[in-house]
Amino acid sequence: MATPAASRGQRADDRDGPRAEDGRGGLRAALGGLTTRGRSFLAAGAAAAVCAYVLGQADLLRVGLLLASLPLICALVLHRTRYRVATSRLLTPQRVEAGTEARVQLRMENVSKLPTGLLMLQDHVPYMLGPRPRFVLDRVEAGGRREVSYRVRSDLRGRFPLGPLQLRLSDPFGMCELTRSFSAYDTLTVVPRTTALPPVRLGGEASGYGDGQQRTLALAGDDDVIPRAYRHGDDLRRVHWRSTARYGELMVRREEQPQRSHCTVLLDTRRSGYQGAGPDSAFEWAVSGAASVLTHMLERGYAVRLLTDTGTAVPGEGSDGYAGASSVDSTETAGLMMDTLAIVDHSDGAGLSRASDVLRAGSDGLLVAFLGDLDEEQAALAARMRGRAGAAVAFVLDSGTWLTGGAVAGAVEARVRQLREAGWTVVSVPPGARMADLWQQAAGVLRETAAADSYGGWA
């Protein structure tokens with residue numbers, strides 16, 4: 001998933017002028033780049049010069065000087081040319097979902113007054129993104145440009161560096177080859193896969209928000225007009241003349257923002273809670289599920305936060321760590337949370353106590369939890385997290401069944417019953433389950449529970 005800000009890409013430039021180097025060091029570097037042909041010409045020239053001196057042949061000496069000077073001149077010219085080449089890299093987009101391709105565009109510019117020889121571009125990429133791209137460019141005229149591109153793709157989430165770019169130059173005679181490495185690099189962020197979830201009602205919504213709030217805003221606007229008496233220092237542009245005429249005193253508009261629904265997504269990252277690794281493991285499914293719920297809730301207009309078992313809340317700004325008050329804020333929040341999920345890994349913490357402390361003073365919002373293997377102690381902690389949440393939904397993964405593909409163990413069923421008795425809506429996650437189906441299943445369980453409570457109240 002790429003946000004609009006990330007989809008524009010970023011260009012990393014590497015432009016250097018000629019470098020002032022020690023003459024002896026520059027000559028040594030240039031001679032070190034001589035090819036077999038260049039060394040052969042140099043040896044033949046030296047041999048011809050020695051023979052010319054012994055035999056007293058001036059013409060042979062001129063031939064020897066020509067043979068020896070040709071590779072030296074090529075090395076010196078190429079040594080100067082390699083510092084007169086500029087490159088840039090454009091990565092589009094910078095944030096992609098796992099399994100989605102990103103495009104990398106390389107531009108090479110010859111800023112010198114001399115044409116180049118044969119060039120080979122090579123960009124360094126991690127092996128997870130595919131083979132290392134290599135491009136061969138023919139002669140580039142003075143002031144000329146060449147552009148090449150390649151694509152990268154990863155099935156694993158994470159942050160991967162692209163670069164630095166390496167350029168190998170060769171003279172037209174094949175006498176010398178020099179390599180230059182640039183310093184600029186980009187970072188590709190591969191976020192978890194997300195699934196579009198159906199727009200169901202899971203409870204925990206604040207009055208005045210959701211679809212109802214959208215209708216209210218469409219009728220009344222963002223500012224609810226609630227007049228109050230004028231105070232010294234109030235902006236006169238806020239004077240509400242209709243209320244002033246009604247009450248006989250100067251009245252100003254008071255702004256109140258509609259109440260927002262809150263959603264906390266709890267991701268259990270305990271190392272002891274999951275078995276196995278890889279894109280199809282239970283832990284990766286939990287990370288992908290959390291990303292799907294976060295994206296879905298932001299699209300519905302919720303103020304959201306991501307909470308892990310370590311007690312870390314993202315974005316951690318605003319009231320109680322929630323964010324997403326506007327479309328721009330939602331976009332930035334989604335990007336920040338996806339960047340966090342791109343690199344989240346197993347925690348070495350022993351349990352869910354820190355997350356329980358954060359939720360202890362929680363609000364009456366929606367709590368969605370993705371939980372791994374639970375022992376009796378951790379199940380009791382998770383049960384107490386239900387707390388003041390307006391609605392609580394738990395997706396429980398038994399990582400052992402993900403390894404074997406077997407049925408849910410009896411111990412897992414006991415933990416599920418324990419959570420349900422505490423007021424959780426619990427959904428057991430079998431291997432390879434679709435998040436959209438489980439989301440719909442959770443909504444159905446909530447509706448059945450609400451109907452049963454209503455029937456029991458009337459009885």
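Tutor: Let us begin with pairing: two strands count as a pair if DSSP finds at least two bridges between them. Please keep in mind that this is a predicted model.

Student: What makes strand E2 and strand E4 a pair?

Tutor: Strand E2 (residues 85-92) and strand E4 (residues 101-110) are joined by eight bridges. The rule asks for at least two bridges, so E2 and E4 pair. The two strands run antiparallel, and Arg89 stands opposite Leu106 in E4.

Student: How do we know that E4 also pairs with E7?

Tutor: E4 and E7 are linked over nine bridges, in the antiparallel sense.

Student: Why is strand E4 called mostly covered?

Tutor: A residue is buried when its relative accessible area is under 20%. In E4, seven of the ten residues are buried, and the strand is therefore described as mostly covered. For the protein chain, 46% of its 459 residues count as buried.

Student: What is the order of the strands in the open sheet of six strands?

Tutor: The order is E16-E15-E14-E17-E18-E19, and the pairing is mixed. Strand E16 (313-314) and strand E19 (425-429) stand at the edges; each has a single partner strand, so one side of each is left without a neighbour in the sheet.

Student: In which sense do E17 and E18 pair, parallel or antiparallel?

Tutor: Strand E17 (residues 366-371) and strand E18 (residues 391-397) pair in the parallel sense over six bridges. Ala369 has Ala394 in E18 as its bridge partner.

Student: Which helix lies across strands E14, E15 and E17?

Tutor: That is helix H9 (residues 353-360), which runs at about 150° to E15.

Student: Why is Thr308 called buried?

Tutor: Thr308, in strand E15, has a relative accessible area of 12%. This value is under 20%, so Thr308 is buried. Leaving out residues up to four places away in sequence, Thr308 touches Leu266, Leu267 and Ala355.

Student: What makes the approach of Thr308 to Thr310 a polar contact?

Tutor: The side chains of Thr308 and Thr310 are 2.7 Å apart. The limit for the N or O atoms of such a contact is 3.5 Å, and the distance lies within it, so the term applies.

Student: How do we know that Arg193 and Asp155 form a salt bridge?

Tutor: Side chains of opposite charge can pair when their charged atoms come close. For Arg193 and Asp155 the distance from N to O is 3.6 Å. The cut-off is within 4 Å, so the pair counts as a salt bridge. The two residues belong to distant parts of the chain, 38 residues apart: Arg193 is in the loop between strand E11 (186-191) and helix H5 (210-220), and Asp155 is in the loop between strand E7 (145-153) and strand E8 (158-162). By this rule the count comes to 14 salt bridges.

Student: What is the N to O distance in the salt bridge of Asp348 and Arg271?

Tutor: The distance is 3.1 Å. Asp348 lies in the loop between helix H8 (327-343) and H9, and Arg271 in the loop between E14 and helix H7 (282-299), so the pair ties together parts that are 77 residues apart in sequence.

Student: Why is Asp348 called exposed, and why is Arg271 called partly exposed?

Tutor: Asp348 has a relative accessible area of 68%, which is over 50%, so the word is exposed. Arg271 has 46%, which falls between 20% and 50%, and therefore Arg271 is partly exposed.

Student: Where do Arg360 and Asp357 lie?

Tutor: Both lie in helix H9, three residues apart, about one turn of the helix. An α-helix has 3.6 residues a turn, so residues three or four places apart point the same way. The side chains of Arg360 and Asp357 meet in a salt bridge of 2.9 Å, N to O.

Student: Which residue caps the N-terminal end of H10?

Tutor: Asp375 caps that end: one of its side-chain oxygens lies 3.3 Å from the backbone nitrogen of Glu377. Within helix H10 (residues 376-384), the buried residues are Gln378, Ala379, Leu381, Ala382 and Ala383.

Conventions
Residues are numbered from 1 along each chain as its sequence is written. This is a predicted model: local features need pLDDT of at least 70, side-chain atom pairs count only at pLDDT 80 or more; totals for chains, interfaces and linings use all residues. Side-chain values use heavy atoms; hydrogens and water are left out. Helices (H or I, at least four residues) and strands (E, at least two) are DSSP runs, numbered from the N terminus. Contact means heavy atoms within 4.5 Å. Axes are lines fitted to C-alpha atoms, for helices over the stretch in contact, and angles run from 0 to 180 degrees between N-to-C directions. Buried means under 20% relative accessible area, exposed over 50%, partly exposed in between (1.4 Å probe, protein chains only). A polar contact is a pair of N or O atoms within 3.5 Å; within protein, one must be able to donate a hydrogen and the other to accept it, and residues adjacent in sequence count only if both atoms are side-chain atoms.
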